[in-house]
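Please open the model in your viewer and keep the sequence panel beside it. The tour below goes from one selection to the next and says what is found at each stop.

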Amino acid sequence: MGCAPRFRGHGVRTGRSDRTSKLREARDFGGRRPPGEGLLCCQAPRRVPIARSTLAHLQALIDDGVIDSVVCPLKSGKEADLFVVERAPYHYVAKVYKDRAQRSFKNDAGYREGRGVRSGRDQRALAKNTRYGRRLAEEHWHAAEVEALLALERAGARVPRVLAHEGRVLVMELIADRTGRPAPQLAQVPLSKEGAREMYEAILGQVVLMLCNDLVHGDLSPYNILVREDGPVIIDLPQAVSAAHNRQAARLLERDLAAVARHLGLIDPEIRRLGRLAWQIWAEYEGGTLVPDFRPDPERTRAAAVEDLGGLVGELRAAADEADLERRAAAGDRDARKLLRAADRRAARQARRAAEAKEAAAAAAKEAA
Ligand SMILES: Nc1ncnc2c1ncn2[C@@H]1O[C@H](COP(=O)(O)OP(=O)(O)O)[C@@H](O)[C@H]1O
Ligand SMILES: [Mg+2]
């Protein structure tokens, strides 16, 4: 079995001063230990090299009384090492984020757009990519997943519940199967045609609910959806973006749905077609009329949007220009930086207007009802 020894009393000292442990009151969730069984059997390979800094973070969780012990490694993903941990009588998952240097996904600047940055100093540090700026970017990255999970939990979405967030570690509900073992990724689950359709519907429902709460996942894939007996659970949200404030949101929404539809489309090819309808969801969102029950209409064509081909071409050009500006700004071109700032202001104005339109439409709908 691929389980590591428990780390209780391992003696790794951390000396960290920036602990922000926020152990949540509701602790009665998480995977229950399977009755009559010993350690969980995790999906990790037999010998998993664990970085010293990761051990130190886990030890700090034990020292601070957030968890009792580490049960076993769960997965080592592209951005984090995950462990099954125990806080009696439950099992949870601890996600220890990797250092930016070790992460394969480093280009997070686009995802950061629209996330609140505290001060002008911080904004400058982020833009100049100073050491302080890089640390700040890391904090934002970790906090973004926690914030998204908390917001989605409040909205009733199917995401793991957060137990605690401390430094580089997020402790959350273990999404488990009936026996208490970690639930499989969608990519590993065999489905019938009908099952694939139902699964797509359920995931679409979550995507729409997320957008109703102004969030786009940004990295949705069959690996970031776990399949529990009662349906799909969405995980891995550090790159979730604000739909109102991130100019890539519509593109990310399309990509998210297409990724799921591509996978399930292998089982039922019709689903691939359904995955191309994200534009309808975005149109409802922009118009301020998106509700959790909204589902795209497969019969509706994009004719209306094609009429506005001029506008579409303009948008594509603007996106290409912006990418060019970003490259020039990164190379130190002051004019490019100025133009980018102006574009940011323009986008913020547009987002404000869209949000106002949404509020007005909601108020009108309320009045009509
Ligand atoms: N709360 C959870 N419950 C059960 N398994 C989980 C949970 N969170 C993550 N996992 C497992 O760990 C894998 C990697 O986690 P993820 O959050 O996607 O990190 P990464 O960014 O490294 O991909 C997931 O694909 C899933 O199999
Ligand atoms: Mg993942």
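Rings of Phe, Tyr and Trp (for Trp, its six-membered ring) are taken as a pair if their centres lie within 6.5 Å, and planes under 30 degrees apart count as stacked, over 60 as edge-to-face and the rest as tilted. By this rule the count comes to two aromatic pairs, and both are visited below.

Before selecting anything, note that this is a predicted model, in which local features need pLDDT of at least 70 and side-chain atom pairs count only at pLDDT 80 or more, while totals for chains, interfaces and linings use all residues. Residues are numbered from 1 along each chain as its sequence is written, chains are lettered from A and ligands numbered from 1 in the order in which they are written, and side-chain values use heavy atoms, with hydrogens and water left out.

**The aromatic pairs**

Select Tyr90 and Tyr92, whose rings form an edge-to-face pair, 6.4 Å from centre to centre and with 75 degrees between the planes. Tyr90 has a relative accessibility of 12% and counts as buried, a word that means under 20% relative accessible area, whereas exposed means over 50% and partly exposed lies in between (1.4 Å probe, protein chains only). Tyr92 is buried as well, at 0%.

Move on to Trp282 and Tyr285, whose ring centres are 4.9 Å apart and whose planes stand at 40 degrees, so this pair is tilted. These two residues are three apart in helix α8 (residues 278-287) and therefore separated by about one helical turn; helices (H or I, at least four residues) and strands (E, at least two) are DSSP runs, numbered from the N terminus. Both Trp282 and Tyr285 are buried.

**Two helices side by side**

Now colour helix α5 (residues 193-212) and helix α6 (residues 249-264), which pack at an angle of about 170 degrees with their axes 10 Å apart. The axes are lines fitted to C-alpha atoms, for helices over the stretch in contact, and angles run from 0 to 180 degrees between N-to-C directions. Angles under 35 degrees count as roughly parallel, over 145 as roughly antiparallel, 65 to 115 as roughly perpendicular and the rest as oblique, and α5 and α6 are therefore roughly antiparallel to each other.

Which residues of α5 meet α6? Show Ala196, Met199, Tyr200, Ile203, Leu204, Val207 and Leu211 in α5, which meet Leu253, Leu257, Val260, Ala261 and Leu264 in α6, where contact means heavy atoms within 4.5 Å. By class, this contact has twelve nonpolar, no polar and no charged residues, with Ala, Val, Leu, Ile, Met, Phe, Trp, Tyr, Cys and Pro counted as nonpolar, Asp, Glu, Lys and Arg as charged, and the others, Gly among them, as polar.

**Loops and backbone**

Select Pro89, which lies in the loop between β3 (80-87) and β4 (90-97); the peptide bond from Ala88 to Pro89 is cis, with omega near 5 degrees.

Is Asp214 buried or partly exposed? At 22% relative accessibility, Asp214 counts as partly exposed.

Asp236, in the loop between β9 (231-234) and β10 (241-242), also is not a glycine and has a positive phi of about 65 degrees, but Asp236 is buried, with a relative accessible area of 12%.

**The whole chain**

Finally, zoom out to the chain, which has eleven helices and ten strands, and in which buried residues make up 44% of the 369 residues.
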